[in-house]
Amino acid sequence: MRKLQAPLAAAAVAALVLAGCGTTSDRTSDTPQAQNSKECKGADGKYTIGMSQANVAEPYRQRMDDDILAAAKEVPQFEVKFADAAQDNAKQVADVENYITQQIDLLIISPNEAKPLTAVVKKAYDKGIPVLVLDRKVEGDAYTGFIGGDNVQIGTEAGKYIAEKLLPNGGNVVELKGLAGATPQTERHDGFIAGIKGNPKVKVIASASGDWLREKGQAQMDALLKANPKIDVVYSHNDPMAEGAYLAAKAVGREKEMKFTGIDALPIPSGGIKAVEQGRLSATFTYPTNGKEAIAAAKKILVDCGTIEKSQTLQTRLIDESNAAAIYAEENPTG
Amino acid sequence: MTKAQDKPAAGARPADEPATGARPADEALAGVRPGDERAGAAAGAAVGVAKAPTAIAESSGGVVATLFRFQSVFGLLAVFVAAIIFSPRRDGAILFVSADNLANVVRAVSEIGIIAIGMTFVILIGGIDLSVGAVLGLAAVGSAVLMVESDWGFLPSVVLVLAIGLVFGALQGMATAMIGIQSFIVTLAGLQIARGLARIWSDGQGVAIAYGNGPHEAPDSFAILGERTFGGLVPIPVLIFAVVAIAAVVFLRVSAFSRHLYAVGGNEKAARLSGVPVVRVKVAVFAICGLLASLAGIVHAVQLNQGSPNDGIGYELDAIAAVVIGGTSLAGGRGSVAGTVAGALLLGVLNNILALNNIDSNIQLLIKGLVIVAAAALQRLRPAS
């Protein structure tokens, strides 16, 4: 009897594999044929939207999901489902495949990385599912629309602000970077370097990677403070790392010697706008989550039977002490 | 020895079964559950008492014991049936059993499954390998860099990457077997080292794989591996997973090595005393695990058209979960590859059905955790043959 175990399991595997492969051809025929050939049901339809999020560990991305949910509540025809890929490309591919299986009416995706997600996004698009890509792009043009901020532009704005406003007479800057390999990290760096070019007396004396995380930003800053006796500005690729750097400087009593800037400006109590309002950061730059805009685009496609622009770039806003309180109140009226 | 706690073996045997003596040979036997992949006979041969354990296995069947022994297979069937019941439907069709979806399920578990098979070997000898996710990342980066940036051919790239995994695993095996550092610690260090190497090798960037015959392109002739399915039917990773699983099962059934494996896991000291080359077994087992992790890394890179140094984070935990659900004891000496395959599939089906029903991702974590605990609890209840 004991010898039965392996064959039994093997048979189960085989059954699964066979079941998985046997009838592929007759299933594909009843899916919608060409893209966008689905008849638009307009305002009378009921629509399921699948949102594939790269991860919800970052507050920015949780906020994106929240914005989508809030905006969708205003559209009675919409029901939104959420999947969290937990920073794993392979899981995100599976998430999208599950949505295709469920025959959702529209896919919103904020890809973890471009290259690995391109094929599956194309697969959905080719099956006639409109696809809205948020924040990070995929390759090619097999999607309905892209909505995102421009990280190069944000980096440039930050660079200009530091070179012109904070350090007109020059000074030493340290850069706290996001996770190595992430596109926004590269773009926020490249834009920044372009932004400070106008003032040759601004010098980037050191940089370190804080992986987007507050505690890593703090730990990296501990080391940077020891190694660099004179730091004038800390340019951080996001607000949490800037906050971590502030805490590190404060711990050794040097927080007044330097200024801190961040990026993202989430309108939440732990976000960058509040940090500016309360004087820990000198400035932050909004990086719109696009949740509201995505639902507006989805409404245009599904309910209004219209078309949308292929690419929509949302502008960044500088937030400093002059406007922080007002913008916080505007973007987060409840709290 | 703490292992004894997990094995109520010798002392707990029913009175009507052959009594076990106090010789070292029997200590080794005591740790091995008859019925697991020839374990009884295997350990028996290893310590020079060939017949007795087989007799034990034969005489102690029983419905309950069988249920426990095939725990993961029954678990898989139960989850499979539950998935059909709870599957969303569209126009009368059960979405879960659609061909596309089942192909997705098996494809999604393939990488973890390949790793988990290697992990089964390690856990069978009472070790653990935390480095597999990082080795997967290193292999994914390696195959992308070699093929695309260094313009190596597909085959030499794959061979080198597999060799790296093999050597990496073997080194970890040596550190634990020769120096005597616990495998948990060795492979925890290995995790950091492999991740660091992956980041250095790739400059911290994901390396995209493009196919073609030009410079900085992986050769066209091998683009077939990058296709998502073989002949439009079988997803490539599933094919590789199946081959690895069958090879592992056959290997454990026919080779003398498997006797040594179960003997070391059952009672290392007794195995050593009875002439099992413990060091060699350990090194080989970790080498196999590293090799399979890097194979999974190649599959990963080819499927996603990219090798990224952050690939495979946390995969080691999924692999361990598959092994545990598959009925392999973390204390070693007891378990099977087939169980692991069933465990991996169970996790895959569970992931899929939870996703199809759009269960909140945080609740999904909770449910998966409970399933792992339940599987481990069943282990404890399992009668001592």
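Lys282(B) counts as buried in this predicted model, because its relative accessibility is 11%, below the 20% limit for that class. Its partner in a salt bridge is Glu268(B), with the closest N and O atoms 3.3 Å apart. Glu268(B) counts as buried too, at 18% relative accessibility. Glu268(B) belongs to helix α15 (residues 268-273) of chain B and Lys282(B) to helix α16 (residues 278-304) of chain B, so the pair ties together parts that are 14 residues apart in sequence.

In chain A, salt bridges that share partners join Glu58(A), Arg61(A), Asp135(A) and Arg136(A) into one network. Another salt bridge links the side chains of Arg63(A) and Asp67(A), at 3.2 Å from N to O. These two residues are four residues apart in helix α3 (residues 59-73) of chain A, and therefore about one helical turn separates them. Both Arg63(A) and Asp67(A) are buried.

The salt bridge between Glu255(A) and Lys256(A), with the closest N and O atoms 3.5 Å apart, pairs a buried residue, Glu255(A), at a relative accessible area of 14%, with an exposed one, Lys256(A), at 74%. Over all chains, the count comes to 20 salt bridges.

The surface of chain B also carries a nonpolar patch of about 960 Å², whose members include Leu166(B), Met174(B), Phe184(B) and Val279(B). Helices α10 (154-179) and α11 (183-202) of chain B each supply at least two residues of this patch, and the largest share, six residues, comes from α10(B). Leu166(B) is found in helix α10 of chain B and is partly exposed, with a relative accessible area of 36%.

Technical notes:
Residues numbered from 1 in each chain as written. Chains lettered and ligands numbered in written order. Predicted model: local features only at pLDDT ≥ 70, side-chain atom pairs only at ≥ 80, totals over all residues. Heavy atoms only, no water. Patch = residues over 30% accessible without salt bridge, like charges linked within 9 Å, V, L, I, M, F, W, Y side chains within 5 Å. Areas by Shrake-Rupley, 256 points an atom, 1.4 Å probe, with all protein chains shown as cover. Salt bridge = Lys/Arg side-chain N within 4 Å of Asp/Glu carboxyl O. Buried < 20%, exposed > 50% of the residue type's maximum accessible area, 1.4 Å probe, protein only.
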